Amino acid sequence: MGNLTELSTPDADGSLAIPTGWRQGRGAFGGLTIAACIRAIEQRVADPRRVVRSITAEIPAPTLAGDVEIEVAVLRAGNSVSVARAVMRQGGEVTTHVVAVLAADRAVGPDDPLPLAWCELTPPSAPAWRDVAALAGDAGPEFASNFEYRVVSGLPLAGGAAETIGYVRAVEPGPARDAAYIAALADAFWPAALIRAATFRPMATIAYTLDLVDGVAGLEPDAPLLYRGTVAIAGHGYFLETRELWGHDGRLVAINHQTMVVIK
């Protein structure tokens, strides 16, 4: 089957084979197709100094198992910031669209009157990941078998606040722990709206934004990331979810916002 790194890395010409075993409903897991578009953009920009800082994505149609083509256009490349767009097509139809901002670090001098470096968010309270049992069974969507979940709180249909806290990692991540990997992990948990649902309902992401606050350098490579997903707004068949990923050292790795639709 291959690992997550291999499966989300397109060839130099932008071609990629979406594997079986990764479906989320009719189409492939959105985290996989978004990750592939991110890797295609990084291949095109080809500047290791410019790391992915922010991603916006839309998933207008399901991506079926089989061949896809990813086209990349660099919208602008400045002295330290590049903005690029990737379009995934299958059968002539756009299935995933991603815009990424890649930027080099900016040095801040010691005499800077306002050093922009702080984080006032705090990680959710959770036991150490090794003290939380991994979920057993294959009750979730097909793609979920490729991830390990250790749930602290917020199981589907449990009732209560629409908040899920737990740990997540890929079963076979491959060597990369990069922006594409983080993008996939951010999308892997079930929607927190399912906690308040009376029965399981299919739900799909239509818009996705990811801000990468920090990398995972220095973290244990096999350790999962601590996840928190909350839904504060729902109505008219849609809801907005905020997701966070945290390292075991307390660092905020990424913040993800998703607009989701409840499918009839």
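This is a predicted model: local features need pLDDT of at least 70, side-chain atom pairs count only at pLDDT 80 or more; totals for chains, interfaces and linings use all residues.

**Entry 1**

Residues are numbered from 1 along each chain as its sequence is written, and side-chain values use heavy atoms, with hydrogens and water left out.

**Entry 2: helix H3**

Eight of the eight residues of H3 are buried, so the helix is largely enclosed by the rest of the structure. Among them are Tyr181, Ile182 and Leu185. Helices (H or I, at least four residues) and strands (E, at least two) are DSSP runs, numbered from the N terminus.

**Entry 3: ring pairs**

I paired rings of Phe, Tyr and Trp (its six-membered ring) if their centres lie within 6.5 Å, with planes under 30 degrees apart as stacked, over 60 as edge-to-face and the rest as tilted. This rule gives nine aromatic pairs. One of them is the stacked pair of Phe29 and Phe143, at 4.2 Å centre to centre with 5° between the planes. This pair links distant parts of the chain, 114 residues apart: Phe29 is in the loop between strand E3 (27-28) and helix H2 (30-45), and Phe143 is in the loop between strand E7 (93-103) and strand E8 (147-153). Both Phe29 and Phe143 are buried.

I then looked up Phe189 and Tyr227, whose ring centres are 4.4 Å apart with the planes at 10°, so this pair is stacked. Phe189 lies in the loop between helix H3 (179-186) and strand E10 (203-212), and Tyr227 lies in strand E11 (residues 225-235), 38 residues apart. Phe189 is buried at 2% relative accessible area, and Tyr227 is buried at 0%.

Ring pairs also link Trp22, Phe29, Phe143 and Phe147 into a cluster.

**Entry 4: Arg169**

I found Arg169 in strand E9 (residues 163-170). Is Arg169 buried or exposed? Arg169 counts as buried, at 17% relative accessibility. Its side chain reaches the backbone oxygen of Asp222 at 2.4 Å. Leaving aside neighbours within four places in sequence, Arg169 is in contact (heavy atoms within 4.5 Å) with residues including Trp129, Phe147, Tyr181 and Asp222.

Terms used
Buried means under 20% relative accessible area, exposed over 50%, partly exposed in between (1.4 Å probe, protein chains only). A polar contact is a pair of N or O atoms within 3.5 Å; within protein, one must be able to donate a hydrogen and the other to accept it, and residues adjacent in sequence count only if both atoms are side-chain atoms.
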